Amino acid sequence: MNISQLGMGQVFHRRLRPREHAFAYASYFLWLPMRSLRREACAALNRNGRGWLSFHDADHGEGGPDALAWLDGLLTAEGIADADGEVWLQTFPRVLGYVFKPVSFWFCERRDGSLAAVVAEVNNTFGERHCYLLRGPELGWGREQQVAKVFHVSPFCRVEGRYRFRFMRTADRLLSRVDHDDEQGELLHTRINGRLQDLTPARARAAFFAMPALTLMVMARIHWQALRLALKRVPFFSKPQPPERFVTR
């Protein structure tokens, strides 16, 4: 039985041009074995209910009552038939009922524990969502994957270029890195990392009291950093229409 975990760590962001800009914040995330949670609930996780920390299925995919069923449907539609092992979800929790999830990662394993696919689920502040599907024989921990950027996230970046994903995992640490390149080269470096520990009621309470406004501050910090970029006269780009397809391979 895989155990739900809590990742205590940091969110980091660095822009390289046209003005250098960087920030890092203490943060934490959930690391959830979604197939195992179907068989046995986690006592520390208020699923689809109220609590200091909670997880709601409707915050993912198409907003339905079973996020794992949505993911399995996506994998089937994309012709991925060997993701029959555990599905690990790296995501931010709801805190006192509020959440904004800039990105969540679904790590879909085969029965032998190797990665069959990774789905990067991206939300923007306009209430839109898009998924990037990473797959293929070259997929694995520590290996770089690339995909074209097609979804608007920041008004200070054009919808162009590519993302480079790299994920690293050890027994007690997880690092998810996403870099954005445009036609001029490297533009943004971002990462979410944390030390993993079993998610218990005591640790959930400790995380809450350490950062009681975590998800509210995610949104507040997005707007604060946008103001700082505007003051640095970084060019602003209007939001284009979202992509017609919900999933980009």
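**View 1. The neighbours of H152.** In this predicted model, H152 touches N124, F126, V159, F237, S238, K239 and P240, leaving aside residues up to four places away in sequence; touching, or contact, means heavy atoms within 4.5 Å. You'll find H152 in the loop between β10 and β11 (162–169). Strands are DSSP runs of E with at least two residues, helices are runs of H or I with at least four, and both are numbered from the N terminus. Is H152 buried or exposed? H152 is buried, with a relative accessible area of 4%. Buried means under 20% relative accessible area, exposed means over 50%, and partly exposed is in between (1.4 Å probe, protein chains only).

A quick word on the model: it is predicted, so local features need pLDDT of at least 70 and side-chain atom pairs count only at pLDDT 80 or more, while totals for chains, interfaces and linings use all residues. Residues are numbered from 1 along each chain as its sequence is written, and side-chain values use heavy atoms, with hydrogens and water left out.

View 2. Two strands pair if DSSP finds at least two bridges between them. Strand β9 (residues 129–135) pairs with β14 in the parallel sense over 2 bridges, and C131 stands opposite V247 in β14.

View 3. Which residues of α4 are buried? They are L214, T215, V218, M219, Q225 and L229, and the buried residues of α4 pack against β1, β2 and β6 (94–95).

**View 4. F165 and the largest nonpolar core.** Of this core's 59 residues, M34, L71, W106 and F165 touch the most other members. A nonpolar core is a set of buried Ala, Val, Leu, Ile, Met, Phe, Trp, Tyr and Cys residues joined through side-chain atoms within 4.5 Å. Strand β8 supplies the largest share, 7 residues. Among the residues F165 touches are F105, A120, L134 and V147.
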